[in-house]
Amino acid sequence: MPYLLTTIIFLPLLGALVVALIPGNCDKIIRMTAIAFNAAVLMVVGVLCLLFDRTSGSMQFTETHPWIPQAGIHYTVGVDGISLALVFLTALLGFLACLASNTIKSRIKEYFIVYQILMTGMLGTFLALDLVVFYIFWETVLIPMFFLIGIWGGPRREYAAWKFFFYTLAGSVVMLLAIIGIYFLSTPHTFNMLELAYSSPLLSRTLQAILFLMFFFAFAIKVPVFPFHTWLPDAHVEAPTPVSVILAGVLLKMGTYGLFRVCVPFFPEAVAMFAWSLGVLGAVNLIYGACAAFAQTDFKKLIAYSSVSHMGFVLLGLAAMNSTGFNGSILEMFNHGIITGAMFLLVGVVYERSHTREFSAFGGLASTMPRYAFFLTFMALASLGLPGLSGFVGEFLSLAGIFITFPKLAIISAIGLIAVVVLFLVMVKKVLWGKPKEGVVWSDMSMGEVAVIMPLLILVLIVGFYPDAILDFQKHTVDVLVKTL
Amino acid sequence: MMNSLQFIKPELVLTAAGLMLLVCGVFGLRRKPLGLIALMAIVIGFFSLPMTLDSSSMVFSGMLTNDVFSFVMRALVLVATGLAVLMSIGYSWSDHDDAGEYYFFLLVAAISMMLTVSATNLLMIYLAIETLSIVSYVLACSFKKDLYSTEAGLKYFLFGALSTGIMLYGISLVYGLLGTLSLPAIGLKLAAGGIHEPTLVLAGLLVFAGFAFKASLVPFHMWVADVYEGAPWPVAAFFSIGPKAIGFALLARVFFGFPAFLTSGWEGIAVFLAIATMTIGNFSAFHQESVKRLLAFSSVAQAGYILAGLAAGVLGLKAAFFYIVIYTFMNMGAFACASFLSSERAPLESFKGMGRRAPGWALVFSIFLLSLAGLPPLAGFLAKFFVLVAVIDVKQYFLATAVVVNSVVAFFYYLKVIKVMYFEDSPDSQPIRIPVSGMIVLAICLSAVLLFGFWPQLIMNILALIFA
Amino acid sequence: MVNIAHLIPVFPFLAFWLNIAFGRRLGRGSAYVSVGASLISTVLAILVFMGLKPGGGSYELATWITIHDHPITLGIIVDSLTVMMLLVVTIVGTLIQIYSIGYMGGDIRFSRYFAYISLFMSSMLGLVLADNLLMLYIFWEGVGLCSCLLVAFWYEKPAAAAAGVKAFVTTRIGDTGLLIGILILLATGHSLRFADMGSLPGSEILMAVAALLIFLGAMGKSAQFPLHVWLPDAMEGPTSVSALIHAATMVAAGVYLVARSYVLFAMHPLALQTVAIIGAISAIMAASIACTANDIKKVLAYSTVSQLGLMMLALGAGGFTAGTFHLMTHAFFKALLFLGAGSVIHAVHTQDIRQMGGLIHKMKITGVTFIIGALALAGIMPLSGFWSKDEIFITLWQSGNPLLFGAAVLTSFLTAFYMARVIFLTFLGEPRTETHAHESPAVMTFPLVILAVFAAGLGFIGSPWCHGAFQNFLTGGEEAVHLNYGMIVFSTALSLSGIGLAYLLIVKGFKLPGSDCPCRNWFIRLVENKYYVDELYDVVFVQTFHKICEAMKRFDQLHIDGAVNGVSTIVAFCAQAVKRLQTGLVENYLLMQAGGVLALLLFILGKLCRIF
Amino acid sequence: MNEAVFYIIAFLVGAGALLSVTVRDIFHGAIWLALTLISIAFLYFYLDAGFLGVIQILVYVGGIMALFVFAIMLTAKIGDRSISQVNRQFWPGLLIAATLFVVLGKVVMDGPWMRLQAGSPVTDLKTIGTSLVTSYVVPFEFISLLLLAALVGAVVIGKVKK
Amino acid sequence: MIPLGHIVALSLFLFCVGVYGVLTQRNAIRFLISVELILNAANINLIAFNKYLGSPDGLGQVFALFVIGVAAAASVVGLILVIAVYRLRKSVNTDDFNTLKW
């Protein structure tokens, strides 16, 4: 299957073009077109998953075409176990969020155009194997997101959009410097990530450390790692529901993906050097995020901060520097995407009905919206890492991994996990339990809303019960990665 | 001699057309046909350019040179002027007559710019720059009953007069030191050595200041915003691409590149000025409420990036050249969009709701702005990227940092315009019509920005020729 | 037949999904789904029991996940301990579900209730069957979740909702210990199988720590001091839930865990001692609180804590069989007591024993079965509680630690006292308030009777009269158990004296502690207020946590976000300043230009001069 | 003798220049400028550039000075001598000019010209004429375009539509 | 002959006086006068160098010739611009021309 990955990357862009050609007043057709294109992407990704050789840990489906050969820039894409899970996640959430976009009522055409461009950017980021191409896709995400938050967002959308944009941009320009730097430091000069994975570990420790820190800065902002996280609550809260889903589900993963794709293979010594700090940051993320989330009075903000908390596990797994930790970390990315995506969908459900996200407006929803109560409880439990659901597997693997390397951190994190539990239980209590508010008559979730969230629920169960469903894909890649350390 | 005449064929075409325009203007030909004549002349000139390639490398006894650089720059100058003419045709002039003279001035500017880039003698360079300046003063003052336009013209003149004075004084010192003004001869003399260096540096610096004025480097940029704001949109657009490209071409030819004049020691100043230029340009644009001024300062900042390229060796020269080409199109596009979408002063509020009033043009404008800001995968990004690559290659890490920090700051004001267009609604929902010639300008610029962004080889191959 | 054991939890699990998905359509039918599933499980459990080979065995279904290159399998362990627990859980569970049909009859979320119960059954059975710690942990959390959901089943009541959260969080604190213990075992021994626990390669101290951490998990689940606070609050849930989860099965899971990983504990005296001490403290403390409680369910709840403490005490003192035996008998009689209490509450709509009285006349079956259960708990021969308690006494006596033995004795005495107090106040005497109490329907009394039979008779299988059949079944040994007459006399006398004291205080007019007793002193007030543990926790943990969270939120907004916004403010300010350079006056521009030339000149000349 | 002539001329040039930018009355300034320009013409004669001297007088004194006077007459109100002719940045301006003088002077004085007393062949008119139509034919032709453009520009701006 | 340096010093003085005038004078016409001084300073240089260094094609004088021509053209345009501004503002003082700023 030549051009399979290229198809995946540019199919959404084609969708954007097609949507752009449809007259602006045909809302329904635009919506259907966008959904169709996203479904097509999902299907192609499905084919990719089927064709993917799980027994191999190397890059597959690679394509290379010279783009600017004078500057050593080639359009190179490929997929391995680490990226495959994220590509699948992107395609899935992209499709579901597209379905959930019926809450968008204004400027639909522009919305879907921008949305499709965003998809291309995200998929490209996960598939690119040339640092410049990677950077280009990475940046491509920014502007669509800026629009999606700024036009279709909540009351403080402008502030949030600015903040998101500049925070991320500040990180990525530093990455750009590092990309160029590593180009000149590598012998022979190259932007190819696979070649760099061979040549850059030979750099001196100091150089590795400097370059690592530069890349890390960019990724840390995207993840986000404490103390670079404050864009996230604002952006998540102000973004419309489907965009929040994408933001939390996919965009944050770009940062952690970068850590795995760039930092670990390129600078193994530096990563080892900073492993302890990474672990501490992970633990801080975990606990700080949970605590800050707990104090929020805004439903969506709470979920946003809980994302900060969850990403702590990814960092912990990374800091473990062993296959268990890496597996856990990557799985946690996938899980977080699914669970938090679902969470934002659920917040959106009540927001649609109440037009507020303050906890004080909710309460007793379990009585009036039983279906909603089930889904919210389920996802909250998955979020807090209830064994048997997907969240647990990733968290446990991360903890098990870091326990070998830094037992103290693992213990602190495990204790910090209590805060996460408290957080979500209290959230369930505030929203679902108690007496229903006077005069509140919100209809229960419609079948459409259930249909959007159902696949996520099923995935949570599948991964929870049978984690190898995902782990099988990434195992060998992780092994290869660990061997290079 | 025939050979030499062959070389200046495009200039001769333009001169003839200019004179014709004057005559036709006097006989009351309307604005549009006049513009078309000018345009036709430029097109003819453009297509007669390849014929000049056959000439020998030195023409008019070494006054002009026939190298790839001058060829390409002449082409660029013609394109820039052509775009400005096209834009002028579509522009809604109010309270302005003398259309024939207007186009005549544009053509004279084009001629002088073409001679500048192919000149290899400081005397010729001085004359051409001075001509360009004088014509520019008059162009800036196009609305002679307008408070803004006249003030712009006068400010431009006052600033320019001092600049050319300083430059002339510098040239006179160069003459005194080296006894010649021909660049190849200067190169030989310098290579031979034995020149009193402080005086040489002094003379060079004064000449540098004159070029920097054209390239609008800090602190020789102060006129930019006021002149652009006061001048009519097409003139401002022209200023922002034509003379600026000339400034850089001169800097490249005389100070950083070709037959080397004072090759060493300029990098330090260039680095310093590059940082100052981009920073002050960006910071000044930050709070602008007038899109015209904003774009003016943006063009100053862009000059900083180009200069950063010049400061970075051969790779940097390539990058700077690449940047200039890209810049010509994207900046022209941005100016053209802004002029057609808004009024002469172009306050930011007038762009409110443009995303709905003129969705297509708002998108095009956004693309130009984002390209200026350096967003991948647009051409502006690649330009910045190559500059950065060159800068890092020569280990100017501080400069590299300044470039990226500045590009972050710059994003703010470019996005501010886009934000106003898309995020805010306007009370006025009347759709906006753009004249055909305006569309052509935008189409050319847009396709260039996209084409060069996705297929930079086009320029790369030329670069390979120049630096062969 | 052993290899069908893994099917046991499957049916309740299916019932859960059926009830969740189609609950509203099923209506009352959902009860039958759950009870049916439960019955199938019971039958399967009995089949497994019948087919059990001596020494048991385990088998693996699949590899669940690979950690540190070592597979964690989905393994099933089937040995006598498991089978015992299986039987207890399925039988008690089925009976309680039948009871619930009547008890929960009018509830609007009838099917949801049964869904949760089924999920609980499934998790609990899975927990019992798990052959390694990680699997156990998974189901362990599952039962915790069900406990939480069922405690908060009437979430409209704020107290119930809060209790649900408290139950989950408190047990979760213990579970964190368990989790870390698992991590230690994984990191050092690479095996989590109970079968391998005797031969783990880790260092002595590390293994002891692991054992203690595992015990921490057990403490949370079994509501041992200092993690006992959730259990009394959990009484906000339906009484049938209290009976099933908070008396018979889930809370016993802690004891089960210790018993299950007993090898590990046995190797480390420190761990074992800790278990004993914690058990002793919990036993005495909870028993004393039970004496002053006036809510019938609270009395039973504290009694549960106390009895669980007693089991822990026994385990800690080396009495593996004693602890598990008591676990089994306790499951039946405590379930019976709760169901009886539920029946009473169902009838009189109050839980305060001071407002009851003379109920035995109106509710004969309930009364009689309740009294049987109470006597069994108090340890009156020959009811089941007597035998298991007797076993514990003997173990402790033999362990030679007088303090531990004293603790058991004191607990036993107090137990007899407070159970007698409940009976005197509730069923005997005269009604203190106007009630229209009536006997509960058959669907509720039927389980009571069955349970009463078990409560009365189950003890025999562990009695010398059966030659210690239970003990031998459990350990696989052939030892005969002998009658220890001294101990029988002693413990009977102890129980009777407790009942006698209660009789004196309550029936004979001595004022009971807890009402307006003139002899209130600081100690009684302390006990009445449950030793102020809740208040202490509220101040030390809950409020501190809230404060920390608030502080972090503020820190986030003020400092971190402040720094971010500060940067943008600085940039904006600088931009404003730079913009002001453009004064509009051309002379200023010229000055800048000339000054610029001069500055550059000085700069470059300065550079040159250094060369010269 | 020769030297003395030079210094007299130099004094005239310097003093005239100084006065032309310092006297309060702009009209007087223009007169002083004329004096300076004439003195410079004499300097040209002194430097054996007679043709240039003539041109200087013709173009500058005859042409440009006339323009200046016209412009002054058109714009300046004769009576506003009371207003200061110096703007607000007098001191910084003076400082920069003075520093420039010192720095440039120092550099140039250190340079190779200080002692140079050459007697090279005089450039005669014929050389200039030949140069203009051979080596410098492009500038020579081009300056006509410049003058035309300037002329047209002046007309365009200057003419007032009725 | 006097040393070349003295002539250069004179031109330098003229140049600096010109710069001084440009910087400190508020009258736009005075500005033009100052610019003329700068141009003449350059011209003095050119002619002096031509004399002292000797150039076969008389470059210095040719250049000076051009400069005089250019200066004339520039002065014309400059004065016209001053007059154009004066027509609208009735002022030739540069500190009055700040409609365009910031």
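How many bridges join strand E1 (residues 60-68) of chain A to E2(A)? The count is six, and the two strands run antiparallel. This is a predicted model, in which local features need pLDDT of at least 70, side-chain atom pairs count only at pLDDT 80 or more, and totals for chains, interfaces and linings use all residues. Residues are numbered from 1 along each chain as its sequence is written, with chains lettered from A and ligands numbered from 1 in the order in which they are written.

**The hairpin of chain A**

- Strands here are DSSP runs (E, at least two residues), as helices are (H or I, at least four), numbered from the N terminus; two strands pair if DSSP finds at least two bridges between them.
- E1(A) and E2(A) make a hairpin with four residues between them, and A:Gly72 in that turn has a positive phi of about 70°.
- A:Thr64 has A:Thr76 in E2(A) as its bridge partner.
- Five of the seven residues of strand E2 (residues 73-79) of chain A are buried (20 or more other C-beta atoms within 10 Å of a residue's own, C-beta atoms being placed from the backbone).

**The two domains of chain B**

- Chain B is assigned domain 1 (1-264) and domain 2 (265-468), with bounds from an automatic or database domain assignment.
- Their C-alpha centres lie 22 Å apart.
- The contact takes 37 residues from domain 1 of chain B and 38 residues from domain 2 of chain B (C-beta atoms, placed from the backbone, within 7 Å).
- On the side of domain 1 of chain B that touches domain 2 of chain B, H11(B) gives the largest share, twelve residues.

Note on methods: Buried ≥ 20, exposed ≤ 12 C-beta atoms within 10 Å, placed from the backbone. Contact = placed C-beta atoms within 7 Å.
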